[in-house]
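Thanks for coming. I will walk through one structure today, so please have it on your screens.

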Amino acid sequence: MAKTAKKSILSNARALDGIVEPLLLWFYGEKRSLPWREEPTPYRVWISEIMLQQTRVEAVKPYFSRFIEALPDVHALAEADEDTLLKLWEGLGYYSRARHLREAARIVCRSFSGELPADFDALLTLPGIGRYTAGAVSSIAFGKRTAAVDGNVLRVVMRLIASSADILKESTKRAVEEALLARLPQKPGDFNQALMELGALICLPRGAARCPDCPLKRFCLAADLGIQAELPKKTPPKKRRTEKLTILILSQNGKIALKKRPSKGLLAGLWGLPSLPGHWSKEELMKELHLLGFSPAKLTKLPAAKHIFSHITWQMIGWRIEIDEPSPPPALQTFSSHSSQLRETSVSYGSIPKESPSFFWATEKEMLDTYSIPAAYRSYFPYISEI
C-alpha cells in the first residue's frame, strides 16, 4: 500500500510543475508580517518552528517575542534554569518541546561551537527536531535545498495532485518531500514558506478553502474534480479517554500548596495543584485531610471544569480548603497511601502516587510570576484568592 501511495503521488506530481512562479509572486505580495521573518537567523527560525508545532501563529507571536528577549541566543537557552524556561513557555502547552529546546541548545554549544548546524542530517540529530523542522531551518535560515512538509503543505499538495493517500503515514510525507525536492527553486526557503502560508490563509481545511482567491487554482486537480473539501485524507484519531479528578486548593497561612507532577507521563515534572483520582465528596476529603494531620477549617465546593488533551480529557471538580493551625510542618505534608486505596479506580495520570513528594507552599504572586503551572489547572486559578 505504501508503494502504491508513493507511486500515485509521484505520478500525479506533474500538477506541481508550474506552481513556483505564481506561488512566489502571491507570497511576496500577501505574506504576513511575523516577528521571526523580520530577522530569520537560524536561532530565531528554530525557536519559532518549535513554538508553531500544534499552536496557532497568533498565539505564538507574544510568546516568541518574550522568549527571544529573555533568551536571545543558543548560549542563553543552554544556561537557562528549568523554572525560567518553563515559565517562558507557560500556556503554550506540550512542555517537552521547551525541554528539548534546552537539551538541543546544550548539544549545539558542546558539539557545534554554539552555532546551529545548517546540514539537514545534522539538525535531525538534535532533540525535538524532526524532518519538517530540519527542513524549515535548513532552507529558511541557510538557503539549503530541503523540503519542509508540515500539515499545511500536505493539505496544499494533496489537493493539487488530488491524492487520497493517508497524510499521517510516513510514506506519504516522504513521497511529498521527494516530489517537492525535485521542484525547489533558487530560493527554497521562500518556496517552503509560501506553501505553508497558502495552507494557512487560502487552502484551508475542509469546506473553508478559499479557492477563488488561490493563485494555484488553475493547477489544482482536486478543484477540477470538486473534491477539495474531501482532501486530505487521514486516519481518524483514537477516541480520547476520560479521567475524573478532584483538584484541591489547599490554603494555609496565606499560601497555596503546589505539587510537582511525576517525572514521566502527562505534564511530566511540572508544578500543579494537588489532585486526587475520582470525584471526592466532602466527607471523604475530611477523612483524608485528618489522616494527613490537617485541621480543615472550611471546605468550599468549586465549579466543575474540563480540560482536553490530545488523548485524554480531564473531568474535574474542585475544593478550596482552608487549613487551621496546628498542622504538621509543610515539609512533611504529603498525601498518604490511603488516597490510592480509597478509590479502586486510581489512574496513572493526575493521581498522586503513594510515595508522594512534599507540598511546596507558594504565595499567589509566586504562583503567577515564578512557577509555571499548566493550563489544565487554570480553571481553578480564580479561586486561589480567599473566597
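I call a residue buried under 20% relative accessible area, exposed over 50%, and partly exposed in between, with a 1.4 Å probe and protein chains only. This is a predicted model, where local features need pLDDT of at least 70, side-chain atom pairs count only at pLDDT 80 or more, and totals for chains, interfaces and linings use all residues. Residues are numbered from 1 along each chain as its sequence is written, and side-chain values use heavy atoms, without hydrogens and water.

Helices (H or I, at least four residues) and strands (E, at least two) are DSSP runs, numbered from the N terminus. Take helix H15, residues 282-292, where Leu285, Glu288, Leu289 and Leu292 are buried. They sit on the same side of H15 because they cover an arc of only 100 degrees around the axis, taken from the directions from the helix axis to the C-beta atoms. Glu283 and Lys287, on the other side of H15, are exposed.

Now strand S6, residues 312-324. Eleven of its 13 residues are buried, so S6 is largely enclosed by the rest of the structure. Which strands pair with S6? Pairing here requires that DSSP finds at least two bridges between two strands. S1, residues 241-252, pairs with S6 in the parallel sense over eleven bridges; serine 251 stands opposite glutamate 322 there. S5, residues 295-308, runs antiparallel to S6, also joined by eleven bridges, with lysine 306 partnered to glutamine 315. A hairpin of three residues connects S5 to S6.
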